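This report asks the reader to follow a protein chain through its strands, helices and loops. Please keep the sequence and the structure in view while reading.

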Amino acid sequence: MRKLPRVLVVEDEPAIAELIAVNLRHNGFAPTVVFDGESAQREVDSVLPDVVLLDWMLPGESGVALAKRWRQQERMKTVPLIMLTARTEETDKVQGLDAGADDYVTKPFSTQELLARIRAVLRRRAPEVVNDAVQLGDLALDAATYRVTLQGQELKIGPTEFKLLHYLMKHPERVHTRGSLLDRIWGDHVFIEERTVDVHVKRLRESLGVAGAMIETVRGAGYRITAQPQALKAKNDPTPA
Ligand code: CA
């Protein structure tokens, strides 16, 4: 099983901390909440997080001071930090980034925005390794040679469809929302509409020919790739009329 990314949430307002934690849990992250800098330090000393959400205004040491201190620590030097703050002044933003924050989210923020920022810093830190090969059913994808084959026969596939297929094959049997696919495949291009995903899924299915049925539309949710598509199952096990 894949390890869930650990997110340390340093936020002294319990309602906000809880809201963030719930949303992170629902979106495949493992959050830990602490309310001040001292507990935050204890936490990172014992378990290194994959990303930290750090409130600016904390009791005792401020988020900015903590960020500065962490950037001096070997262990915390490269862990992505996102500052959370009610401040909107440009100078505050600069101060936060100068302190070593990777990004900055101003309260009130939407959950989707926060999740997108978290995914973006994680991606920048550890871009998905692209030189690997994946197999699902009769379908094989080799990222190193940029080849997709179905039962050994090479298929022609466009670059975006290739990336999309690669991502789906690495995370099979699981439903991906259009938003999460946009985030993973198109990265930080937040202005692309979700409909774009549908267009590329359609092209991808066409490129895959008979294996196109492996990419299923999950009504109201998104897409998934499966080794055993419902469409083919239905053909193989016809229900008696
Ligand atoms: Ca606060």
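## Naming the elements

Helices (H or I, at least four residues) and strands (E, at least two) are DSSP runs, and they are numbered from the N terminus. The model described here is predicted.

## The sheet

In what order do the strands of the open sheet lie? Five strands form this sheet, in the order β2-β1-β3-β4-β5, and their pairing is parallel. At the edges stand β2 and β5, each of which pairs on one side only. From one strand to the next, the twist averages 20 degrees.

Strand β1 has β2 and β3 as its partners in this order. With β2 (residues 30-34), β1 pairs in the parallel sense over five bridges; here R6 stands opposite A30. With β3, β1 pairs in the parallel sense over four bridges. Across this pairing, V7 stands opposite V51, and L8 has V52 as its bridge partner.

Is β1 largely enclosed or largely open to the outside? A residue counts as buried when its relative accessible area is under 20%. Four of the five residues of β1 are buried, so this strand is largely enclosed by the rest of the structure. The chain then passes from β1 through α1 to β2, and this β-α-β crossover is right-handed.

Helix α1 lies across several strands, namely β1, β2, β3 and β4 (81-85). Relative to β2, the helix runs at about 165 degrees.

## The calcium site

Which residues coordinate the calcium ion? The ion is held by D12 (OD), D55 (OD) and M57 (O), at 2.1 to 2.3 Å. Along the chain, these donors follow the spacing D-x42-D-x1-M. D12 belongs to the loop between β1 (6-10) and α1 (14-26), whereas M57 belongs to the loop between β3 (51-55) and α3 (63-72), so the pair ties together parts that are 45 residues apart in sequence.

Two of the coordinating residues can also be described by their accessibility. D12 counts as partly exposed because its relative accessibility is 27%, a value that falls between the limits of 20% for buried and 50% for exposed. M57 has a relative accessible area of 51% and is therefore exposed.

## Backbone features in the loops

Where is a cis peptide bond found? The bond from K107 to P108 is cis, with omega near -5 degrees.

Two residues other than glycine have a positive phi, and each lies in a loop. Q151 has phi near 50 degrees and is located in the loop between β8 (147-150) and β9 (153-155). With a relative accessibility of 62%, Q151 counts as exposed. E173 has a phi of about 65 degrees and is found in the loop between α6 (159-170) and α7 (178-186). The relative accessible area of E173 is 44%, so this residue is partly exposed.

Terms used
Residues numbered from 1 in each chain as written. Predicted model: local features only at pLDDT ≥ 70, side-chain atom pairs only at ≥ 80, totals over all residues. Heavy atoms only, no water. Donors = N, O, S within 2.8 Å, 3.2 Å for Na, K, Ca; no water. Buried < 20%, exposed > 50% of the residue type's maximum accessible area, 1.4 Å probe, protein only. Pairing = 2+ DSSP bridges. Right-handed = clockwise from strand over helix to strand, strands pointing away. Axes fitted to C-alpha atoms, helices over the stretch in contact; angles between N-to-C directions. Contact = heavy atoms within 4.5 Å.
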